[in-house]
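Subject: Structure for you to look at

Hello,

I am passing this structure on to you. Please open it and keep it in view while you read my notes.

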Amino acid sequence: MLNRIFAFGSLVLAVVSLAACTSPRGAQTISPSSYAYNQAIAHSKSEQLLLNLVRLKYRDAIVFMDIDGVTTQHQYGGAFGSETLIPFRNAANGSALLIPGVSVSERPTIVYKPVDSSQFAQDLLAPIAPETILLLANSGWSIERLLACCVERLGQLSNAPSASGPTPEMIPDNAAFRHAATLMRDLQKQEMVRVERLPEIGAERADTYLLIDAEETPNCQPLRDLLGADACHMRYRLVAKGGTLKRQELFAQTRTVLGALYALSHAVETPSAHAASGLTTQSKVLTSQTPDWVSFTGGLFEVRSGTSAPEDASVKVFYRDHWFWISDQDLESKTTFNLVLFLLALQSAASEGVSPLLTLDAGG
C-alpha cells in the first residue's frame, strides 16, 4: 500500500511539473535570453564601427554587416528517475520513488546580411543633412561635438576639408575652429546657442539655422574676432556639402557621412611596428597648436592600440595582429563614438524616407 501511495504521488508531481513547462510561466525564460541578445547585438554594432574606423586608418576596404533577424526555439524535455527509500519501521519492504526531471534548451538562429547595396554607398557619400544636426542638437548633444564631427566649415573658419578623406600628409590646423566650437558650447549651456528651423521671408520652405546670441557675455569679443562678425548676434544657415549657397551668406557646411568617419579615423593610434613598416600615413605637424590627430578632434576622440588585450575597454577589436580599443574611462571618446552610431542610424532612416525631423517644432 505504501508503495502505491509513493508512486501515485510521484506521478502527480511529474504531471504538474511538465504542465508548468507548457504553461505561460514557461515564457519567463525568454526575458533573460532577450536581454542577452540585446547586449550581444549592441556590442556587435560597436565592434563593427570601431573595426571600420581602424580599417579607414589603414586605407583598407570597409564592410558593414546588418543583423537581418534573430529567432529562437525553446525545447522542453522530461525524464523520470527512481530512488529506493529506506523502509519505515514495521514495513516489510522499501519503497521506490519516481523523480521527474525537466530540461530546457534554447537554439538561436541569427541571420547576418552584408550591407553593400548601392543605396548604402550613397548613404555614406551623402552629406549629413542639416535636419540631422537639428535633431541631435535639440536632443541635448553638445554643439562643440557636433561641429567637430559633422561640420566642415563655419563662416570663414575651416574644419579641414582635407581630413574628410584618407589621412593627409600634414595635420591640418583647425585650432581657430576648435576654439570657436568651445566658446559656443559654453554659450549653449546658457541657452545662447541653438539650432532651429526658420521660414524664409517670402518663401514657403524653411531652412535650418545655427543661431548665436552672445551679446554682453565674455565670449562675445573672442567669438566676433574668430568669426569676423560685426556683432555677437549671428545666424548661420546649415548647408549640406554641395548645397546651394547665396551670395554673401553666413553658412555652416556639413561633412559627408564618410567624411565624418574619416575625420575620426585619423585619431586611431598606429602601433610603432606598423608605423615603421609604412602601413599608415604618418602625418607631419604643421603647427604646435595642432600637434597630433587627437588634438585635431579637440580631445573628443581617441582609439588606442597595443599588442595585449586591454582590461578596461569599452569596445575593442583585434586587427592586423594588434588590439584597438576605446578606454571605458574615456567618456569623451565614448560619447563621440555613440554620436556616430546615431548619425549612421539617422542617415539610413533618411534614405528610407523616414523624416521625423521635419515634424519638430522650432524648439523641439
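Predicted model: local features only at pLDDT ≥ 70, side-chain atom pairs only at ≥ 80, totals over all residues.

**Enclosed helices**

Start with helix H8, residues 257-265. Of its 9 residues, 9 are buried, so H8 is largely enclosed by the rest of the structure. The buried set runs Val257, Leu258, Gly259, Ala260, Leu261, Tyr262, Ala263, Leu264 and Ser265.

Helix H4 covers residues 130-137. Here 6 of the 8 residues are buried, so H4 too is largely enclosed by the rest of the structure. Its buried residues are Pro130, Thr132, Ile133, Leu134, Leu136 and Ala137.

**A helix contact**

Two packed helices are described by the angle between their axes and the distance between the axes. Helix H3 (residues 118-125) packs on H8 at an angle of about 65°. The two axes lie 4 Å apart.

Which residues meet there? From H3 come Asp123, Leu124 and Leu125; from H8 come Val257, Leu258 and Leu261. By class, the contact of H3 with H8 has 5 nonpolar residues, no polar ones and 1 charged.

**Cavities**

Rolling a probe the size of a water molecule over the atoms shows where empty space is left. The count here is 2 cavities of 30 Å³ or more. The largest cavity has a volume of about 60 Å³.

What lines the largest cavity? The residues are Arg145, Ala148, Cys149, Ala263, Leu264, Phe296, Thr297, Leu300, Phe301 and Thr336. That lining divides into 7 nonpolar, 2 polar and 1 charged residues. Helix H5 (143-150) and H8 each give at least two residues to the lining. The largest share, 3 residues, is from H5.

**The sheet**

Strands of a sheet pair through backbone hydrogen bonds, either parallel or antiparallel. Look for the open sheet of 3 strands, in the order E11-E13-E12, with antiparallel pairing. Its edge strands are E11 (304-306) and E12 (313-319), and each pairs on one side only. On average, neighbouring strands of this sheet are turned by 25° against each other, direction ignored.

How many bridges join E12 and E13? There are 6, in the antiparallel sense, and E13 spans residues 322-327. One place to check by eye is valine 317, which stands opposite phenylalanine 324 in E13.

Over to you.

Best wishes

Conventions
Residues numbered from 1 in each chain as written. Heavy atoms only, no water. Pairing = 2+ DSSP bridges. Axes fitted to C-alpha atoms, helices over the stretch in contact; angles between N-to-C directions. Buried < 20%, exposed > 50% of the residue type's maximum accessible area, 1.4 Å probe, protein only. 1 Å grid on protein atoms, 1.4 Å probe; cavity = no way out; pocket = protein on both sides within 12 Å on 5 of 7 lines; lining within 4 Å. Points joined across faces, edges and corners; volume = space filled by probe spheres on them. Nonpolar A, V, L, I, M, F, W, Y, C, P; charged D, E, K, R; others polar. Contact = heavy atoms within 4.5 Å.
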